[in-house]
Amino acid sequence: MKRISNNISLFKFKINRILEQVLNHYKNRTKGTMNFLKLSAILNQDVNGIGQSIVTENKTFQGYILSLFNEKTQTYDIDYVLKNLKGDSIDIDQLTKRYREFQNIYDDLIKNYLKINIELDILIVNTKSIARNIKQTSNIIKWDSNVRDRIPKLLAFIFALWTLQNANYYFQAGDVTNKNNYLLKPHAAQIVSILRMLGIGDNKEELKNNLVQIGTGEGKSIILGAIATIFALLGFDVSCVCYSEYLSEKDYIKFLPIFDSLGLLQYIHYGTFNKLYEDINGNIRQIVEQFISIGSNNTIRNNQHDERTKILLIDEVDIFFSRDFFGNVYIPSVSLRDPTITSLINFIWSQRKSNLKLNQVETTVEYKACCNRFPIWEKLIREAVKDIIYDMYNFESHNYIVKEDKIGYIEQDNIVYNVVYSYKTLFAYYYEHEKGKITSKSLEEKISLRIKCGNFLYAQIPLQFTYIMGVTGTLKTLSDSEKQIIQDAYYIKKNTYIPSMFGRKNLMFRVKDDIIIENSIDYFNAIRKEIDDRLIEKSSEKRAVLVFFESKQRLKEFYESKALETIKQSVAYLTEESSSEEKEIIIKRATSSGQITLFTRIFGRGTDFICYDPNATANGGTHVIQTFLSEEWSEEQQIKNRTARQGDAGSYSMVLLDCDLEKFLIQKEDIENVKKGRQIQVCFSETSTSTKSYDTVYDLLHDKRTALFKTQYKAHTIFIRQMEERCVATKKFLSSLNSGDVDSVRTFLEKENKGTNTISHQSRIVCLIDATDSMSHFLHNCKNTLETMFERTTAILSANNISRNSFQIQFVAYRNYNSTEDKILQSSRWESKGANLCAFMNTINSEGDWGNEAIEIGLWHINRENEREDITQVILIGDAPPNTKSEVKQKRNRRGEAYWKQTKFAQATYYEDELAKLISKSIPVHTFFVDNRAEVIFKEIAQRTGGKCERLDINSPLGAEMLTKLVTEPILNVCRNKKGNSLIETYQYKFEKSYA
């Protein structure tokens, strides 16, 4: 039955449910005997792996699995932990004393309460009483000896409650000889971790920011759950953040009975940073809506009370360095709904075929009714109407998808429905409603005025907490730059390194032999060969193989490739969109003998791949293949740690695509030179180069990765500095909200929501950029200089009495034919606001390289846009020439013409043809080449269209400044008025002068 369940998904859930019922019946019938334990052992040794999947996937065997875990860890006791403990400010004697206090109390509690039909009410009351009368506020933090001395006792009571709430495995075990192994108990390493995080056992026993390294699969969720409980009982408000919503929810559910029984649900919050931001700032929306709707600050008054001191707990420190966190901005907004607003927007949409102007709208009954409804907010409504009119005439220029009665957008590998592009999304709803693709109900739910409530830097959110603490598996392997961020940006200077509760890690990774780098033709074949080679190594028995991909797209391409064709039916894969139940089953089954499973990178962090299969273990354990080079070393360590867990053996290797390495500025010649023992050339600055030797290719990869991280960090730091002024203004706005200062709130919101003035003779400029891997450095600089470009441009225009809305820019990213339809070309809306283009660029990631690039697709897009409305000029930035005619044909054949015929790129095109159209329309193309291989053709394109051509050294110290200048000057050139070139001269005088 289980074999059928594993192979035929149609019957999976029904068969699993029947198995659960049968096993529960057998377990109850044989209660008090060793029979069920014997069945568990027999199934776990099944040579076909079916038995292991029954054991790991069925809740009936959880007690047996717990006993195996406790058997493995009992050898490594408190003496082992304290002997091998490393860290800052450790007082071993004091730590030992505190631990003994905990252990003695915990043992006594278990002895007294461990009985059939346990009554825990008294234990719960006593647990709460230990922390009674301790209160923490944002102004007063109580952490004296009176509090510290209670910690071991409080910890013992919490864990006793945790053990006893889960004691059902113990009572179900019957008369087994090792019955205590069926108790869910904390390990000494976990208790020491908690004491260290709380400062207990330190020289001064102070509460301070700190991080603890503990091995993968060794109870980070238990540590965080227990410490969250302690802090909440001691009067703190606790937020526990994780990079994965799935893992966060799973960890929260594990400790939910403890939080609930102790009455702590309102003080403990789990989630991702996005959810945390919503929790912290969600009330802003409510308050702003109150201000606008009823002119009241009742929400403020109702919430003015002593707040608890806030503690931030972090699950995996890698979250600090993720692309979505450091250097990104969160912009909350209010959706203001009212019948008068609905009537106003309905009227504006009804006039879309006329040349509607703001002054015409202001005379309408609908506009006046809206202003009468919100009498002190007429200026805000006026600015909103500007944007509404502007977006109504431009909404068709942005790409969206209609699905399931919603408007969605493609981001990364998914369709997202919670993204809104100003009023363009709303008018997409109107348009598709008229075509019958959106229901009236769905449209009506979306009609509102959108009021932006400021700018918040993700990187600054931890600083809103009084203390920051966390657990991670990769503290020791952080790069120097990453450690510097933790110390300087977040003031975390205390670290602890907990020894593994399973002893020495048994991971096999040979840096000279276990890295394979292939070209695009042989890449998938190389992954398949590595799977085959690793699946059977030491004997005829099979191992388990986990393969991690950078994206869902790359995973699917491999899964559908000819390389996997012959074994495809026996290969499983898992992506983030899978249901929680699917994730649980596939993850548990992934370590069975002979199992091959493909994962996206997110499952390389925090996911427990525990191997209970003795056949797989005997043959070398689980093997992990990583098919991309991580930008952060810490992510690579996390993926490595998916194997050799809990004392088992395991191995790791890499299979990399050579063109993917171009984002790290690694050339194929560099790799060959290192293999042959030759030195390679290294650039230290724009004018300084040297040579360097590397012992292995891995040393080269790691060195270049570290350099890229430093570049990105520098760019993000510049961006953060640029955003600080806005963030300071937002903080003042929050203060005004808290004090109920309506005038200040109104002034801020009016400025923050400044509308777009529609003017005639607007210049339209396309910035066409190469978004392949080799342009990774450029994309980072581009994202972080957009605000500067717009600030400088508008400053010069304003100084010359020219409207800031006299130009529009569209950013277009192109790649190559190895990308899917949605990735080969990505375009922003037409914008005159830098913040909106920043939001678009944050969705653009470098990926794929394939020699010459698909510039022809970018030029094709520009010609289509020009047919809608005249384009003034084009800025082209790239590092490779366009594809030749033969290359276009050859590269399209990779996916096949049948694929392309179903897309908007059905008709193949060539850059010469598209260029001729631009020339006929007199549209100049200004070209900026990043690599010499593009120089000749870029100069030709500029010359033939009447544009200019320059080299852009984006990797130099002045690269970001050069990029800002090269994009800003063409904008000013087309915006010049009667003063001719004076705008550019003013720019050069103001921003390019220097002082000795």
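Are Phe 509 and Tyr 698 buried or exposed? In this predicted model, Phe 509 is buried, and Tyr 698 is buried as well.

The model contains 35 aromatic pairs. One of them is formed by Trp 162 and Phe 255, whose ring centres lie 6.1 Å apart with planes at 15 degrees, so this pair is stacked. The cut-off behind that label is an angle under 30 degrees. Trp 162 belongs to helix α10 (residues 151–165) and Phe 255 to helix α14 (residues 245–261), so the contact ties together parts that are 93 residues apart in sequence. With a relative accessibility of 5%, Trp 162 counts as buried. Phe 255 is buried too, its relative accessible area being 3%. The pair of Phe 509 and Tyr 698 has another geometry: the ring centres are 5.7 Å apart and the planes stand at 80 degrees, so the pair is edge-to-face.

Arg 308 lies over the face of Tyr 267, at 3.4 Å from the ring centre. Over the ring of Tyr 497 sits the charged end of Lys 476, at 5.1 Å from the centre.

Side chains of opposite charge can pair when their charged atoms come close. The model holds 51 salt bridges. In one of these, the side chains of Arg 605 and Glu 632 meet with an N to O distance of 4.0 Å. Arg 605 lies in the loop between β19 (596–600) and α27 (614–618), and Glu 632 in the loop between β20 (622–626) and α28 (633–640), so the bridge ties together parts that are 27 residues apart in sequence. Both partners fall under the 20% cut-off for burial: Arg 605 is buried, with a relative accessible area of 13%, and Glu 632 counts as buried at 10% relative accessibility. Arg 605 and Glu 632 also belong to a network of salt bridges, in which they are linked with Glu 550, Arg 601, Glu 631, Glu 635, Lys 663 and Asp 773.

A further salt bridge joins Lys 668 and Asp 658, at 3.8 Å from N to O. Lys 668 lies in helix α29 (residues 668–675) and Asp 658 in the loop between β21 (649–657) and α29, so the pair ties together parts that are 10 residues apart in sequence. Lys 668 counts as partly exposed, at 45% relative accessibility, whereas Asp 658 counts as buried, at 11%. Asp 743 and Arg 746 form a salt bridge as well, with their closest N and O atoms 3.1 Å apart. These two residues both lie in helix α31 (residues 742–752), 3 residues apart, about one turn of the helix. An α-helix has 3.6 residues a turn, so residues three or four places apart point the same way. Asp 743 counts as partly exposed, at 48% relative accessibility.

Helix α5 (residues 62–73) has 12 residues and spans 17 Å from its first C-alpha to its last, close to the expected 16 Å. Its buried residues are Gly 63, Tyr 64, Ile 65, Leu 66, Ser 67, Asn 70 and Thr 73. Helix α21 (residues 424–434) is mostly covered, with 8 of its 11 residues buried. Among them are Leu 426, Phe 427, Ala 428, Tyr 429 and Tyr 430, and also the charged residues Lys 424 and Glu 432. Gly 436, which follows α21, has a positive phi, near 85 degrees.

Finally, 7 strands form an open sheet of mixed pairing, in the order β1-β14-β2-β13-β5-β3-β4. β1 (86–87) and β4 (268–271) stand at the edges with a single partner strand each, so one side of each is left without a neighbour in the sheet. β1 runs antiparallel to strand β14 (residues 494–497), to which 2 bridges join it. Within this pairing, Gly 87 stands opposite Thr 496 in β14.

How values were computed: Residues numbered from 1 in each chain as written. Predicted model: local features only at pLDDT ≥ 70, side-chain atom pairs only at ≥ 80, totals over all residues. Heavy atoms only, no water. Helix = DSSP H or I, 4+ residues; strand = E, 2+ residues; numbered from the N terminus. Expected span 1.5 Å × (residues − 1). Buried < 20%, exposed > 50% of the residue type's maximum accessible area, 1.4 Å probe, protein only. Phe/Tyr/Trp six-rings, centres within 6.5 Å; stacked < 30°, edge-to-face > 60°. Lys NZ or Arg CZ within 6 Å of the ring centre and 35° of its normal. Pairing = 2+ DSSP bridges.
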